[in-house]
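Good morning, and thank you for making time for this presentation. Please look at the sequence and the structure as they come up, and keep both in view while I speak.

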Amino acid sequence: MEFSTNVKNLRKLKGYTLEELAEKSGVSKSMLSQIERGDKNPTINVASQIAEALDETISSLLGEKQKRSVSIVRLHERLVYKDENTKFERHLLSPPTNDIEFILNKIPSLKETGIFPPHKKGVEEYIYVARGKLQVELGEEPQIYTLEEGDSIYFEADINHRFVNLSEEECNYFLIINSTKKIYKQFY
């Protein structure tokens, strides 16, 4: 699996030991070791914690980085992450980059994503609900927002966030993660 190989390679490139990455990510050393060997497929939340600790996106850890003036992402070539526990699906619709990700997320009926850890300061998320009813929970003591089909929300994603499908049908929402500002805000 590319995710496990990319995590291991990036950890070594950054000079982190398994212990250091465990401390930075909040994921146990034994779990990280199993992931790097390809023995364990992490939940979407654990993958997000690892990506944040490595200052990467989940998408960049799932596949090769592409830098071209024109990129086509074919349906059959799309990077898809499926959480085996929740059946949550994350479809990367854009080429994997570190700056902007365009994603289609699918949450089964009456299920949730679990809590995503805060992104770095300056990262923004934009959501558009294409199908279903989505509850968005933001912060430690969560502020709760309910979005219907056709609604959208923007938030600064340096806080915990969680998404719950409140409908009897699968909830599909488009997500744009904009990490371009995190670079600039680190200097202020």
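This is a predicted model: local features need pLDDT of at least 70, side-chain atom pairs count only at pLDDT 80 or more; totals for chains, interfaces and linings use all residues.

In which strand is Ile127 found? Ile127 belongs to strand 5, which covers residues 124-131.

Which residues does Ile127 contact, once its neighbours within four places in sequence are left aside? They are Leu134, Leu147, Asp151, Ser152, Ile153, Phe155, Phe163, Tyr173, Phe174 and Leu175. By way of reference along the chain, Pro117 is 10 residues apart from Ile127, and the C-alpha atoms of the two are separated by 17 Å.

I turn now to strand pairing. Strand 5 and strand 10 run antiparallel and are joined by 7 bridges. Within this pairing, Tyr128 has Phe174 of strand 10 as its bridge partner. Strand 10 also runs antiparallel to strand 3, with 8 bridges joining the two. Here Ile103 is partnered with Leu175 in strand 10. Why can strand 10, residues 171-178, be described as largely enclosed by the rest of the structure? The reason is that 6 of its 8 residues are buried.

Lys106 is buried and yet has no salt bridge. Which side chain of opposite charge is nearest to Lys106? That side chain is Glu89, at 4.5 Å, whereas a salt bridge requires the nitrogen and the oxygen to be within 4 Å. Beyond its neighbours within four places in sequence, Lys106 is in contact with Lys87, Phe88, Glu89, His91, Glu170, Cys171 and Asn172.

That leads to the charged pairs that do meet the criterion. Side chains of opposite charge can pair when their charged atoms come close. How many salt bridges does a search of the whole structure find? The search finds 10, and I shall take three of them in turn.

We begin with Arg11 and Glu36, whose side chains form a salt bridge at 2.6 Å, N to O. This pair links distant parts of the chain, with Arg11 in helix 1 (residues 2-13) and Glu36 in helix 3 (residues 29-37), 25 residues apart. Arg11 and Glu36 are both buried.

Next come Lys133 and Glu148, with a salt bridge of 3.7 Å from N to O. Lys133 sits in the loop between strand 5 and strand 6, and Glu148 in the loop between strand 7 and strand 8, so this pair ties together parts that are 15 residues apart in sequence. Lys133 counts as partly exposed, at 30% relative accessibility. Glu148 is also partly exposed, with a relative accessible area of 39%.

Arg162 lies in strand 9 (residues 161-165) and Glu137 in strand 6, and the two are 25 residues apart, so to speak of distant parts of the chain is fitting here. Are these residues buried or partly exposed? Arg162 is partly exposed at 22%, while Glu137, at 10% relative accessibility, counts as buried. Through shared partners, salt bridges join Glu112, Glu137 and Arg162 into one network.

Thank you for your attention.

Note on methods
Residues are numbered from 1 along each chain as its sequence is written. Side-chain values use heavy atoms; hydrogens and water are left out. Helices (H or I, at least four residues) and strands (E, at least two) are DSSP runs, numbered from the N terminus. Contact means heavy atoms within 4.5 Å. Buried means under 20% relative accessible area, exposed over 50%, partly exposed in between (1.4 Å probe, protein chains only). Lys and Arg count as positive and Asp and Glu as negative; His and the chain ends are not counted. Two strands pair if DSSP finds at least two bridges between them.
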